[in-house]
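Here are my notes on the structure, point by point. Have the model open while you read.

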Amino acid sequence: MDLFEYQGKQYFARYDIPVSPGDVAYTVDEAVAAAEMAGYPVVVKAQVQVGGRGKAGGIKLADTPDEVRLHAGNILGMDIKGHLVKRVWVEHASDISKEYYASYSLDRAAKKHLLMLSAEGGVEIEAVAVSNPDAIVLLHIDPVDGISLAVARDAAVRANIDEEAVDGVADMLVKLYDCFTRGDCDLAEINPLILRPDGGVHALDAKVSLDNNAAFRHPEWDEFRATEELDEREQLARTHDLQYIGLDGTVGIIANGAGLAMSTLDVVNQVGGTAANFLDIGGGANADMMAAALGVINSDENVKSILINIFGGITRGEEVAKGIVEALGRVDLRAPIVIRLDGTNAEEGREILANAGIPESKLTSKPTMLEAARAAVALANGN
Amino acid sequence: MAIFVNADTKVIVQGLTGGQGKYHGLRNQAYGTQVVGGVTPGKGGTDVEGIPVFNTVAEAVAATGADASFIAVPPKAASAAILEAAAAGIRFIVCITEGIPAQDEAKVYNTLLRDYPNTRLLGPNCPGIISPGKCNIGITAGEIAQLPTAKGPNVGIVSRSGTLTYQALYELKQRGIGVSTCVGIGGDPVPGTNFIDCLREFQADPETHAIIMIGEIGGSAEEEAAEFIKANVTKPMSAYIAGVTAPEGKKMGHAGAITSGGKGTAQGKMDALRAAGVKVGLNPTEAGDLMAEIVATL
């Protein structure tokens with residue numbers, strides 16, 4: 001789950017990482033109130049999960065309540081690269097001497113944590129990596145050991161952080177690591193991490209991505225979840241614990257297992273079709289989940305045919321078949337189903353479908369993944 | 001021969017008294033696997049259909065001589081279960097648990113590396129391992145695995161995805177091709193056992209004559225495997241990579257299946273494998289067809 005900047009800053013604050021004083025605002029009046037609290041001058045920042053906010057006019061400096069009113073009025077409701085601005089973050093404007101970069105992530109190849117630190121912050125780190133790779137210090141951290149203040153200090157020195165900022169940056173790196181690990185982040189990034197003329201350092205931006213698998217030990221994430229911008233179908237899928245990603249095509253896809261679902265998308269594409277979605281009903285899916293999955297697919301107006309690809313392991317064929325029969329009784333599906341059913345109890349499943357009295361115009365069964373994909377694509381393309 | 005497990009492997013099930021552990025533990029036993037015990041704290045002294053249950057892994061190992069463990073416990077308890085098994089001297093751990101936090105996984109992996117270098121972890125979030133006719137640990141339906149033949153040729157399978165592991169087994173069964181061992185390494189970001197670990201074992205295993213590898217988008221494990229294959233694997237291989245049409249920046253179900261910044265794409269992985277001499281199919285059936293062509297020449 002990706003956080004908005006203001007949520008990232010609030011999350012940082014939980015781990016004692018210094019951020020600018022400020023507040024989130026949904027209206028112009030709230031923005032003015034937030035500015036009073038933060039103290040002028042302030043920065044009004046659009047809260048969207050996309051880069052290039054500044055260039056799009058989504059970040060403005062304001063010295064007076066009138067200016068806050070003007071900028072917040074313009075920014076709220078703005079469209080930045082297809083993202084609608086619903087809220088702004090208003091914070092005290094900081095004096096900046098230097099801009100640095102710091103982040104932690106997991107290096108999957110090394111199976112260790114990775115610190116990236118650079119004295120060249122405030123720009124895209126990917127650009128620095130291309131133009132001046134030596135300006136970025138990469139340090140692997142063993143998750144068992146963590147990072148000590150001494151190691152953090154050494155990294156800061158090696159990254160050519162200005163001498164007066166080294167201690168502050170080192171302290172920040174230890175706190176950010178704490179946030180990254182105890183806070184269960186996939187990514188914790190500060191860009192820019194600034195040095196002020198008074199010698200202090202703090203986080204001027206926050207990019208945080210949380211590991212959904214750790215949600216069970218973070219009740220405080222509920223408020224972040226509430227602002228997650230999912231489309232209607234994704235929301236519906238989530239309430240049924242289905243892994244769903246909306247796409248633009250015409251063949252609705254249901255498969256068990258992420259790999260098989262991905263593979264089904266690939267095969268549909270290879271035989272000349274386009275997938276309307278990725279949907280993994282997971283291992284052990286039962287009749288209820290299959291009915292729910294069909295409900296989600298059915299709410300997509302682009303769907304012209306539905307391809308169900310099941311290879312039973314934990315998932316049992318007769319449960320899948322029962323779910324389809326139940327769903328057909330409950331909702332009027334907008335498109336015909338093509339199913340390929342194999343694995344555990346597939347025979348029983350096929351028998352249930354054959355004896356349910358479903359007309360062939362609504363459901364056909366194919367013996368292999370490839371044949372099922374061809375049939376579904378032919379239906380979707382009107383052949 | 002087979003890799004990692006064989007007919008002598010003695011397995012305990014951590015979580016045998018739970019729904020998943022019981023269902024799959026008993027299925028593994030019915031397949032012929034030596035399931036010698038179960039572990040559930042507080043339920044020591046009871047049994048599950050005649051299989052004795054112990055309070056700790058150490059007690060189970062002392063009483064049964066188990067050398068492998070099948071972990072089927074919820075995500076909250078999985079890390080501790082893995083480390084308990086390693087501390088008790090278990091040499092091969094299969095963890096099917098899905099949804100373990102990435103931070104826990106990274107810590108467990110590095111703890112095993114440092115403190116228990118002789119313990120191998122398969123998974124988490126994997127379907128397990130099957131050496132047809134000898135041993136089945138995990139959730140694979142044993143009947144879809146073709147038995148290997150004494151004179152071969154037999155194929156080894158290694159896969160990141162659960163259902164595609166079954167699909168690969170099925171493709172070989174349809175063609176009557178024997179399987180030496182099938183390993184599902186799982187789709188999480190920090191798998192305990194990776195492609196290279198399995199490829200090294202398959203290369204050394206005299207009963208394995210060819211190898212199928214099933215990868216997916218995200219990370220660089222397939223690219224690293226390709227480097228290893230180029231330098232070390234002489235047995236013929238076919239492969240399939242899932243996720244050619246996956247949109248950038250979205251986690252495709254598996255926590256590890258995500259492309260970003262043009263990295264981890266299916267195309268890059270397929271190119272790397274082809275450059276290493278692997279025959280790459282565009283879908284699982286094609287990978288099966290390519291393997292049938294390979295086997296016909298052996």
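1. At roughly what angle do the axes of helix H5 (residues 149-158) and helix H6 (residues 166-182) of chain A cross? Roughly 125°, and the two axes come within 8 Å. Axes here are lines fitted to C-alpha atoms, for helices over the stretch in contact, with angles running from 0 to 180 degrees between N-to-C directions. That makes H5(A) oblique to H6(A); angles under 35 degrees count as roughly parallel, over 145 as roughly antiparallel, 65 to 115 as roughly perpendicular, and the rest as oblique.

2. Before going further, the ground rules. This is a predicted model, where local features need pLDDT of at least 70 and side-chain atom pairs count only at pLDDT 80 or more, while totals for chains, interfaces and linings use all residues. Residues are numbered from 1 along each chain as its sequence is written, and chains are lettered from A and ligands numbered from 1 in the order in which they are written. Helices (H or I, at least four residues) and strands (E, at least two) are DSSP runs, numbered from the N terminus.

3. Back to that helix pair. On the H5(A) side, Leu149(A), Ala152(A), Arg153(A), Ala155(A), Ala156(A) and Val157(A) meet Val166(A), Val169(A), Ala170(A), Leu173(A) and Val174(A) of H6(A). Contact means that C-beta atoms, placed from the backbone, lie within 7 Å. By type, the contact of H5(A) with H6(A) has 10 nonpolar residues, no polar ones and one charged. (Ala, Val, Leu, Ile, Met, Phe, Trp, Tyr, Cys and Pro count as nonpolar, Asp, Glu, Lys and Arg as charged, and the others, Gly among them, as polar.)

4. Now look at H10 (residues 287-298) and H11 (residues 317-330) of chain A, whose axes come within 7 Å and cross at roughly 50°. That makes H10(A) oblique to H11(A). Residues taking part include Met289(A), Met290(A) and Leu294(A) from H10(A), and Val320(A), Ile324(A) and Arg330(A) from H11(A). The residues of this contact divide into eight nonpolar, two polar and five charged.

5. Chain A as a whole has 13 helices and 18 strands, and its C-alpha trace spans about 80 × 50 × 40 Å along the principal axes. Of its 383 residues, 49% are buried, meaning that 20 or more other C-beta atoms lie within 10 Å of a residue's own C-beta, with 12 or fewer for exposed and partly exposed in between. Helix H1 (residues 5-14) of chain A is mostly covered, with eight of its 10 residues buried; Tyr6(A), Tyr11(A) and Phe12(A) are among them. Just after H1(A), Asp16(A) has a positive phi of about 65°.

6. Over in chain B, seven strands form an open sheet with mixed pairing, in the order E3-E4-E2-E1-E5-E6-E7; strands pair if DSSP finds at least two bridges between them. Strands E3 (47-48) and E7 (120-122) of chain B each have a single partner strand, so one side of each is left without a neighbour in the sheet. E6 (residues 92-95) of chain B runs parallel to E7(B) over three bridges, and Phe92(B) stands opposite Arg120(B).

7. Finally, the interface: 50 residues of chain B are in contact with 44 residues of chain A. Helix H4(B) gives the largest share of the chain B side, eight residues. That side divides into 24 nonpolar, 19 polar and seven charged residues.

Definitions and conventions:
Two residues are in contact if their C-beta atoms, placed from the backbone, lie within 7 Å.
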